Amino acid sequence: MTQTTHYFKSILDELSRAADLLSEEQAEQLVKQLIATNKIFVAGAGRSGLMGKSFVMRMMHMGLDAYVVGETVTANLEQDDVLIIASGSGETKSLVSMAEKAKSLGGTVIAVTINADSTIGKLADKVIKMPGSPKDQSEDAYETIQPMGSLFEQTLLLFFDAVILRFMEKKGLDSDTMYGKHANLE
Ligand SMILES: O=P(O)(O)OC[C@H]1O[C@](O)(CO)[C@@H](O)[C@@H]1O
């Protein structure tokens, strides 16, 4: 095994441990919220934002009215719409302001974060706690061989994909029906 494939397996081990630490109840609440909500917005900075984008794409494939905050084409957040904020630290400044704005507009804020006691965690109506180490690992005891927020960002991607599968199960969707909404001008 080369060193790179060895690292690959170590990352998988870390993700496997992360799966055991997720809350089924919090995940189920998120799925229920997606079913009940009119419009869904997802925000995140940097790599956390990239994972959020992939989640929005699948929600669109499932027929949900979902948007990436900051994209050129997005709707307006209205009363009772949901804003999902993905932030490992829960302290990214632009996302703190966004959470405050969404609350002032009557939206429901869901924080997906490592740090439930963070500024965004405290502002949120609901917190989905992710295991892992925040990008600043200097004072964190969680063990990972990966730099900064990598483990959180990978966990986020897999968690969101698992949420998609649960939503599909509840709504009787399959890959064929969703493929009907796949981009066909690419
Ligand atoms: O998830 P956070 O803590 O809001 O940080 C945002 C982003 O900052 C980065 O460290 C890069 O600037 C990314 O790895 C991370 O996704």
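**Notebook: ring pairs and salt bridges**

I began with phenylalanine 159, which at 6% relative accessibility counts as buried. I keep in mind throughout that this is a predicted model.

*Entry on the rings.* I noted that a pair of aromatic rings is described by the distance of the centres and the angle of the planes. I then looked for such pairs and found that the structure holds three of them. In one, the ring centres of phenylalanine 41 and tyrosine 67 lie 5.5 Å apart with their planes at 25°, so I wrote this pair down as stacked. Because phenylalanine 41 belongs to strand 1 (residues 39-44) and tyrosine 67 to strand 2 (residues 65-68), the pair ties together parts that are 26 residues apart in sequence.

Searching the whole structure, I found eight salt bridges. One of them is between the side chains of arginine 166 and glutamate 28, at 2.8 Å from N to O. This pair links distant parts of the chain, since arginine 166 sits in helix 6 (residues 150-171) and glutamate 28 in helix 2 (residues 24-36), 138 residues apart. I looked up accessibility too: arginine 166, at 27%, counts as partly exposed, whereas glutamate 28, at 15%, counts as buried.

Arginine 166 also forms a salt bridge with glutamate 169, where the closest N and O atoms are 3.0 Å apart. Because these two residues are three apart in helix 6, about one helical turn separates arginine 166 from glutamate 169. Glutamate 169 counts as exposed, at 56% relative accessibility. I noted as well a network of salt bridges that links Glu28, Arg166, Glu169 and Lys170.

*Entry on lysine 39.* What does lysine 39 form with glutamate 78? I found a salt bridge, with the closest N and O atoms 2.6 Å apart. Lysine 39 is in strand 1 and glutamate 78 in the loop between strand 2 and strand 3 (82-86), and the pair links these distant parts of the chain, 39 residues apart. Lysine 39 counts as buried at 6% relative accessibility, while glutamate 78 is partly exposed, with a relative accessible area of 39%.

Methods. Residues are numbered from 1 along each chain as its sequence is written. This is a predicted model: local features need pLDDT of at least 70, side-chain atom pairs count only at pLDDT 80 or more; totals for chains, interfaces and linings use all residues. Side-chain values use heavy atoms; hydrogens and water are left out. Rings of Phe, Tyr and Trp (its six-membered ring) pair if their centres lie within 6.5 Å; planes under 30 degrees apart count as stacked, over 60 as edge-to-face and the rest as tilted. Helices (H or I, at least four residues) and strands (E, at least two) are DSSP runs, numbered from the N terminus. Buried means under 20% relative accessible area, exposed over 50%, partly exposed in between (1.4 Å probe, protein chains only). A salt bridge is a side-chain nitrogen of Lys or Arg within 4 Å of a carboxyl oxygen of Asp or Glu.
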